[in-house]
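Subject: Handing over a structure

Hi there,

Here is the structure I promised to pass on to you. Have a look at it first, and then read on for what turned up.

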Amino acid sequence: NKKGFIFDLDGVIVDTAKYHFLAWQNLAKSIDIDFTHEQNEQLKGVSRVKSLEKILEWGNKTISEELFTSLMGKKNEEYLSFIAKMTDEEILPDVPRVLDYLIEKAQPISLGSASKNARPILEKVHLLSKFNAIVDGNDVSKAKPNPEVFLIAAQHLNMKPEDCIVFEDSVAGVQAANTANMISIGIGEKEVLHEADYIFSDFTEIENSFIEELINR
Ligand code: G6P
Ligand code: MG
């Protein structure tokens with residue numbers, strides 16, 4: 001039995017969601033926009049360009065194309081400065097255990113992330129070699145909640161969408177998985193991720209026996 005296991009990156013594999021938040025918050029502050037935690041929740045899984053568009057919309061601001069480009073560059077620079085200091089300890093709890101269990105069971109594994117920084121981050125925390133395929137922000141034209149990223153991942157794994165399982169921490173990502181006709185597993189808060197087929201607060205709650213059940217579904 002084989003299923004395709006697709007993992008989002010930020011907030012699922014590594015604790016980078018906090019760095020995205022800090023970088024967006026600083027950027028918003030620099031152009032006099034208030035940026036709240038609830039708003040940040042809506043940016044999870046959302047591409048860099050779309051995120052800035054939303055922040056400007058919430059702040060009722062229009063800016064020149066030039067400033068837009070330079071702000072995006074600044075955000076990523078600050079984000080990358082956080083990433084540069086990352087260590088393996090920022091891999092979220094029990095993620096390596098689940099990945100290794102899937103590998104032991106010969107299950108195909110793909111990344112399905114909106115981030116254009118996915119490869120360097122996975123390299124940095126020494127997890128890149130665990131993946132059979134990497135699909136990230138450089139490969140897609142339509143951002144989550146559009147299912148494109150997960151559908152491409154399924155193709156790379158040679159699996160039908162209905163035989164794929166997606167781990168996601170964002171509302172947009174859960175919606176993308178559902179639209180792709182995949183099983184969605186929300187990692188985070190029940191109240192936020194209620195559209196997911198299953199919800200766990202983190203991977204420590206996901207037992208090998210549950211993974212086994214998913215494989216044999
Ligand atoms: C992930 C994160 C988002 C981020 C997006 C793009 O989906 O959850 O917060 O905006 O990736 O990431 P990037 O590294 O390309 O700016
Ligand atoms: Mg995420």
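A word on classes before we start: Ala, Val, Leu, Ile, Met, Phe, Trp, Tyr, Cys and Pro count as nonpolar, Asp, Glu, Lys and Arg as charged, and the others, Gly among them, as polar. By that scheme, the shell around ligand 1 has four nonpolar, five polar and four charged residues. Please keep in mind that this is a predicted model.

Let's begin with ligand 1, which sits in the largest pocket. There are 13 residues around ligand 1, and those that come nearest are Val-46, Arg-48, Ser-115, Lys-116 and Asn-117. Val-46 uses a backbone N or O atom, 2.7 Å from an oxygen atom of the ligand. Arg-48 has a polar side-chain atom 2.7 Å from an oxygen atom of ligand 1. For Asp-10, a polar side-chain atom lies 3.5 Å from an oxygen atom of ligand 1. On its own, ligand 1 has 390 Å² of accessible area, and the protein covers 97% of it.

Now for the metal. Which residues coordinate the magnesium ion (ligand 2)? They are Asp-8 (OD), Asp-10 (O) and Asp-169 (OD), at 2.0 to 2.2 Å. Along the chain, the donors follow the spacing D-x1-D-x158-D. Asp-8 counts as buried because its relative accessible area is 3%, under the 20% cut-off. Asp-10 is buried too, with a relative accessible area of 13%.

Enjoy exploring!

Best wishes

Methods
Residues numbered from 1 in each chain as written. Chains lettered and ligands numbered in written order. Predicted model: local features only at pLDDT ≥ 70, side-chain atom pairs only at ≥ 80, totals over all residues. Heavy atoms only, no water. Donors = N, O, S within 2.8 Å, 3.2 Å for Na, K, Ca; no water. Buried < 20%, exposed > 50% of the residue type's maximum accessible area, 1.4 Å probe, protein only. Near = heavy atom within 4 Å. Polar contact = N/O pair within 3.5 Å; in protein donor to acceptor, adjacent residues only side chain to side chain. Areas by Shrake-Rupley, 256 points an atom, 1.4 Å probe, with all protein chains shown as cover. 1 Å grid on protein atoms, 1.4 Å probe; cavity = no way out; pocket = protein on both sides within 12 Å on 5 of 7 lines; lining within 4 Å. Sits in = over half its atoms within 2 Å of the grid points.
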